[in-house]
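The points can be read in any order.

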Amino acid sequence: MKKEENIEKKVAETLTSIDHTKRATANPFLFTRIMARLKEDQKSFWMRSLDFLNRPAIAIAAVLLILLMNSFAFFQPTEAVTVQEDDQLFATEYNLVSSTADGFYQVNDEQP
Amino acid sequence: MNELELIEHLKKGDETAFKIIVDTWKDMVYNTSLVIVQNAEDAEDIAQEVFVQVYESIHQFKGDSKFSTWLYRIAITKSLDHLRKKKRKKRFAIIQSLFGVNEEEIRHERNFQHPGISLENKEKAATLFRAINKLPDNQKTAFTLHKLEGLSYQEIAEIMESTVSSVESLMHRAKGNLKNILTEYYKNSDE
């Protein structure tokens with residue numbers, strides 16, 4: 001019985017423990033910090049983009065990505081185009097196609 | 001400059017008016033955030049956010065209510081949002097701890113000491129603040145505004161956009177819940 005009374009008393013005291021509490025005071029430099037925050041928010045889109053790119057994690061990731069793309073392009077197997085195919089293409093483009101070697105000489109021997 | 005003039009000047013982007021506004025209401029905003037989030041650093045961050053929002057959205061203030069009422073609303077909303085985010089983080093930390101990561105986050109049990117409480121009441125007040133933390137948001141808001149900001153039920157009703165009778169009811173339930181939590185606490189601590 002006495003124990004319960006004791007608990008009730010403690011509860012009542014605890015409930016009134018915050019009565020007449022003085023108001024907590026804010027940091028005297030709050031205004032300066034707010035203004036700094038406002039200026040930070042007002043930075044232009046490009047400045048914010050630059051800030052974003054300047055972050056070490058982003059910059060390292062970008063460099064790694066460029067290196068990866070370069071190495072991919074460098075080590076990619078290219079199709080070997082034969083010299084013969086090149087010659088044929090050249091001949092077709094300039095109407096130099098002839099079935100015999102004579103034709104070639106005929107073309108070259110023509111007088112102006 | 002009176003309140004209305006200050007607001008009009010701020011709407012025109014006057015920095016001096018903004019400084020006067022911050023200096024006039026900074027303690028009120030800080031104390032309100034502090035008693036809700038129960039952490040000095042977080043409360044300062046929230047106070048900064050509140051005034052940044054005031055600066056950016058002063059055009060939305062129509063003067064239907066008192067300026068301080070509008071400020072209280074912003075401070076309370078931001079503080080409660082902050083607590084919700086923190087709870088989500090804590091839940092995530094608990095999940096992480098199951099895998100043996102981030103145990104520090106959970107062990108971080110705060111024992112909040114309000115700077116305005118007298119020395120002889122510090123221990124009991126810390127117990128009461130822990131109990132207040134367990135109340136639902138609306139009961140916590142009404143109780144702290146009444147007890148720590150010294151606002152009347154009428155003023156709290158205006159801030160919470162409610163009626164005086166519903167604030168009375170919130171206060172009655174808050175006191176009942178606190179009594180139960182504290183009784184349980186002292187029973188267990190005496191055993």
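What percentage of the contacts in chain B with a separation of 6 or more is accounted for by residues 24 or more positions apart? The figure is 54%, where two residues are in contact if their C-beta atoms, placed from the backbone, lie within 7 Å.

1. Basis. This is a predicted model, in which local features need pLDDT of at least 70 and side-chain atom pairs count only at pLDDT 80 or more, while totals for chains, interfaces and linings use all residues. Residues are numbered from 1 along each chain as its sequence is written, and chains are lettered from A and ligands numbered from 1 in the order in which they are written.

2. Make-up of the chains. Chain A has 6 helices and 0 strands, and chain B has 9 helices and 0 strands. Both kinds of element are DSSP runs numbered from the N terminus: helices are H or I with at least four residues, strands are E with at least two. The C-alpha atoms of chain B fill a box of roughly 60 × 40 × 30 Å along the principal axes.

3. Burial. A residue is buried if 20 or more other C-beta atoms lie within 10 Å of its own, exposed if 12 or fewer, and partly exposed in between, with C-beta atoms placed from the backbone. On that count 8% of the 112 residues of chain A are buried; for chain B, buried residues make up 30% of 191.

4. Contact between the chains. Chain B gives 32 residues to the contact and chain A gives 23. On the chain B side, two or more residues each come from α2 (15–37), α3 (40–57), α6 (122–132), α7 (137–148) and α9 (164–190). The largest share of that side, 8 residues, belongs to α2(B). The chain B side divides into 15 nonpolar, 7 polar and 10 charged residues; Ala, Val, Leu, Ile, Met, Phe, Trp, Tyr, Cys and Pro count as nonpolar, Asp, Glu, Lys and Arg as charged, and the others, Gly among them, as polar.

5. Nonpolar core. Such a core is a set of buried Ala, Val, Leu, Ile, Met, Phe, Trp, Tyr and Cys residues joined through C-beta atoms within 7 Å. The largest has 47 residues, and those touching the most other members are B:Val22, B:Val29, B:Ala47, B:Val50, B:Leu71, B:Ala75 and B:Ala142. At least two residues each are supplied by α2 (30–41) of chain A and by α2, α3, α4 (67–98), α6, α7, α8 (153–159) and α9 of chain B. The largest share, 10 residues, comes from α2(B). Leaving out residues up to four places away in sequence, B:Val22 touches A:Leu30, A:Phe31, A:Ile34 and B:Phe51.

6. Helix α1 (residues 2–15) of chain A packs on α6(B) at about 85 degrees, with the axes 8 Å apart. Axes here are lines fitted to C-alpha atoms, for helices over the stretch in contact, and angles run from 0 to 180 degrees between N-to-C directions. The pair is therefore roughly perpendicular, a label for angles of 65 to 115 degrees. A:Glu13, A:Thr14 and A:Leu15 meet B:Lys124, B:Thr127 and B:Leu128 in this contact.

7. Helix α4 (residues 56–75) of chain A has 20 residues and reaches 28 Å between its end C-alpha atoms, close to the 28 Å expected, the expected span being 1.5 Å times one less than the number of residues. The number of buried residues in α4(A) is 0, so this helix lies largely in the open. In α7(B), 9 of the 12 residues are buried, so that helix is largely enclosed by the rest of the structure.

8. Backbone points to check. A:His20 has phi near 60 degrees, a positive value in a residue other than glycine; A:His20 lies in the loop between α1 and α2 of chain A and is exposed, with 12 other C-beta atoms within 10 Å. B:Gln38 has a positive phi near 55 degrees and sits in the loop between α2 and α3 of chain B. B:Gln38 counts as buried, with 22 C-beta neighbours inside 10 Å. B:Gly150, which follows α7(B), has a positive phi near 65 degrees.

Key: Parallel < 35°, antiparallel > 145°, perpendicular 65-115°, else oblique.
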